[in-house]
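This report goes through one structure, starting with a pocket and its lining.

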Amino acid sequence: MDAPPNFKEGHSTYKPPRFNGQYYRWWKTRMHDFIMAEDSNLWDVNYDDPFVPLKTISKPAVTVPKTMKEYNDADRKAIEKNFREKKILVCDIRTDEYNKISACQYAKEIWEALLTAHEGTTQVKQSKIDMLTTQYKLFMMKDDESIHDMHTRFTSIITEIHSLGESITRNKLVRKILSVLPSSWESKVNAITEAKDLQNLTIDELIGNLKTYEMKKKKDHEIREPKKEKTWSSRQTTMTQVVRMLTWPI
């Protein structure tokens, strides 16, 4: 999942992530984490039907909304959750994005409006999932790519898949990474497969192991290269000496 170019963290961890109309999935994921850290019960407000305090009147018996004066403490506390969530969602949102949700009374309406505007309908969402799933299946590490760069590309695809409600188990991700490495990594893949319990191996442990091996390969290559250059230089010197000897006057 791409982040905004030249992204800089906010000045305070108490401030919700800013949304400028772009990189919606990035914002949605960060907003989820922010709200859960503030109050995990607030997140449910985005999906539950809005709470409306009701009362029953007789003759004939019918249920109607209470007036604000009739709210009890429990009613007010439940209603406050909606407004707390609304305040977080619109706290740092661009003007044209705010215009899309300005008429919404409930946090659920705001969340669904932004979701539809930036992820589309259920059909559009499924199309995006299918596209990302194909990218995941065809993903391969490039021959000239570092483990870090490969992992960054891979994580971007996985994060987007997860943001759309799909999930892939850790075990499958570990095996996928091992399967996308170039043939030059075959010996390392075999070593990891034989020595590690892939069922419990984490992504971070695997990537750390691969990076360590990558650095060792690079160091070994750098050690061999000077030797080759020295041997070639020695051959050139010998050839030069032979040429000089042949051209010396007798």
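The lining of the second largest pocket is made up of twelve nonpolar, three polar and six charged residues. The model is predicted. The space in this second largest pocket comes to about 390 Å³. Its lining holds 21 residues, and those closest to the pocket centre are Phe-51, Ala-78, Ile-79, Asn-82 and Tyr-106. Two elements, α3 (73–90) and α5 (107–119), each give two or more residues to the lining. The largest share comes from α3, which supplies six residues.

**Chain layout**

The chain contains ten helices and two strands. Their order along the sequence is α-α-β-β-α-α-α-α-α-α-α-α. The chain has 250 residues, of which 32% count as buried.

**Nonpolar core**

The largest nonpolar core has 28 residues, and the members that touch the most others are Met-150, Leu-181 and Leu-210. At least two residues of this core come from each of α6 (122–138), α7 (147–163), α8 (170–180), α9 (186–195) and α10 (203–247). Which helix gives the most to this core? The answer is α7, with six residues.

**Rings and charge**

Across the whole structure, a search finds nine aromatic pairs. One cluster, linked by ring pairs, consists of Phe-19, Tyr-24, Trp-27, Trp-43, Tyr-47 and Trp-111. A contact between a charge and a ring involves Lys-176 and Tyr-136: the charged end of Lys-176 sits over the ring of Tyr-136, at 5.2 Å from the ring centre.

**Residues linked across the sequence**

| Pair | Separation in sequence | C-alpha to C-alpha distance |
|---|---|---|
| Lys-28 and Ser-163 | 135 residues | 8.0 Å |
| Thr-133 and Ile-157 | 24 residues | 8.5 Å |
| Gln-126 and Leu-164 | 38 residues | 8.6 Å |

Lys-28 belongs to helix α1. Is Lys-28 buried or exposed? With a relative accessibility of 10%, Lys-28 counts as buried, because the cut-off for buried is under 20%.

Thr-133 is part of helix α6, and Gln-126 has its place in helix α6 too. The relative accessible area of Thr-133 is 26%, so Thr-133 is partly exposed. Gln-126 stands at 39% relative accessibility and therefore also counts as partly exposed.

**A positive phi angle**

Tyr-23 lies in the segment before α1 (24–38). The phi angle of Tyr-23 is near 55°, which is a positive value in a residue other than glycine. How accessible is this residue, and into which class does Tyr-23 fall? The relative accessible area of Tyr-23 is 28%, so this residue is partly exposed.

Definitions and conventions: Residues are numbered from 1 along each chain as its sequence is written. This is a predicted model: local features need pLDDT of at least 70, side-chain atom pairs count only at pLDDT 80 or more; totals for chains, interfaces and linings use all residues. Side-chain values use heavy atoms; hydrogens and water are left out. On a 1 Å grid over the protein atoms alone, a cavity is a set of points where a 1.4 Å probe fits but cannot get out, and a pocket is an open set with protein on both sides within 12 Å along at least five of seven lines; lining residues have an atom within 4 Å of a point. Grid points are joined across faces, edges and corners, and a volume is the space filled by probe spheres set on the points. Helices (H or I, at least four residues) and strands (E, at least two) are DSSP runs, numbered from the N terminus. Ala, Val, Leu, Ile, Met, Phe, Trp, Tyr, Cys and Pro count as nonpolar, Asp, Glu, Lys and Arg as charged, and the others, Gly among them, as polar. Rings of Phe, Tyr and Trp (its six-membered ring) pair if their centres lie within 6.5 Å; planes under 30 degrees apart count as stacked, over 60 as edge-to-face and the rest as tilted. A charge sits over a ring if NZ of Lys or CZ of Arg is within 6 Å of the ring centre and within 35 degrees of the ring normal. A nonpolar core is a set of buried Ala, Val, Leu, Ile, Met, Phe, Trp, Tyr and Cys residues joined through side-chain atoms within 4.5 Å. Buried means under 20% relative accessible area, exposed over 50%, partly exposed in between (1.4 Å probe, protein chains only).
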